[in-house]
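User: Hi! Could you walk me through this model?
Analyst: Happy to; here it is.

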Amino acid sequence: MSGYGMMSGYAFQNGTTAVSYLNEDTANKQMKNSLKGATIDKKNNTITFSGKYITIVMLGGPETADGKFVVGGLINPTIQVPKDATISLEMINEDEEMPHGVEITNANSPYFYMTMMQGGIYNANSVVSPLPPASNDNYPSAVTIFTADGNGTFYYICQYPGHAAKGMYGKFIIK
């Protein structure tokens with residue numbers, strides 16, 4: 001079982017690492033390092049990654065984008081990755097008030113309160129279950145690794161109830 005719930009607390013599934021805690025400087029360095037070799041198109045709010053091994057770092061709910069994802073300084077960008085790339089997806093929760101997680105899904109918007117019921121996950125390992133809220137410059141972080149082995153347009157969403165419905169999602173394109 002995975003996810004956040006009154007009875008289960010925070011639990012993780014499949015390829016997700018245990019929660020670690022980062023400070024702001026470390027989180028920023030990891031974001032910067034993940035963008036090496038990526039093309040950032042601010043005009044079209046798109047980040048295109050290249051290569052066979054890709055690291056994507058997502059910040060959840062930072063002050064600059066409360067209730068949204070930030071990748072490479074862009075809010076809820078379209079993320080493009082090549083087919084057959086190995087993706088290391090790191091979720092860092094910078095929100096001090098709410099849990100946030102990330103899941104790659106085939107469910108398209110509009111999203112409802114319980115988005116995880118709208119479609120399937122892309123891959124059993126393309127999920128980081130909701131992380132606890134941040135506190136005192138301690139940002140919870142977890143990583144999952146999966147292979148982008150199918151072409152198409154998918155979506156990354158925060159699967160915590162109500163978050164995707166309020167705009168915490170973006171496109172994830174594999175080509």
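Predicted model: local features only at pLDDT ≥ 70, side-chain atom pairs only at ≥ 80, totals over all residues.

User: Okay, in what order do the strands of the open sheet come?
Analyst: The order is E4-E5-E9-E15-E14-E11-E12, 7 strands with mixed pairing. Strands are DSSP runs (E, at least two residues) numbered from the N terminus, and two of them pair if DSSP finds at least two bridges between them.

User: And which strands stand at the edges?
Analyst: Those are E4 (39-41) and E12 (127-131); each has a single partner strand, so one side of each is left without a neighbour in the sheet. On average, neighbouring strands here are turned by 20° against each other, direction ignored; the axes are lines fitted to C-alpha atoms.

User: How does E4 run relative to E5, parallel or antiparallel?
Analyst: Antiparallel, with 3 bridges joining E4 to E5 (residues 46-48). Ile 40 has Ile 47 in E5 as its bridge partner.

User: Switching topic: how many aromatic pairs are there?
Analyst: The count is 5. Rings of Phe, Tyr and Trp (its six-membered ring) pair if their centres lie within 6.5 Å; planes under 30 degrees apart count as stacked, over 60 as edge-to-face and the rest as tilted. One of the pairs is Phe 69 with Tyr 156, edge-to-face at 5.3 Å centre to centre and 70° between the planes. This pair links distant parts of the chain, with Phe 69 in strand E7 (residues 69-71) and Tyr 156 in strand E14 (residues 152-157), 87 residues apart.

User: Are Phe 69 and Tyr 156 buried or exposed?
Analyst: Both are buried, where buried means under 20% relative accessible area, exposed over 50% and partly exposed in between (1.4 Å probe, protein chains only).

User: Which residues do ring pairs link into a cluster?
Analyst: Tyr 122, Phe 146, Phe 154 and Phe 172. Of these, Tyr 122 and Phe 146 are both buried.

User: Last one: what lines the largest pocket?
Analyst: There are 15 lining residues, with Gly 61, Pro 62, Glu 63, Glu 94 and Tyr 139 nearest its centre. The lining divides into 4 nonpolar, 3 polar and 8 charged residues. A pocket is an open set of points on a 1 Å grid over the protein atoms alone, where a 1.4 Å probe fits, with protein on both sides within 12 Å along at least five of seven lines; lining residues have an atom within 4 Å of a point.

Notes: Residues numbered from 1 in each chain as written. Heavy atoms only, no water. Nonpolar A, V, L, I, M, F, W, Y, C, P; charged D, E, K, R; others polar. Helix = DSSP H or I, 4+ residues; strand = E, 2+ residues; numbered from the N terminus. Axes fitted to C-alpha atoms, helices over the stretch in contact; angles between N-to-C directions.
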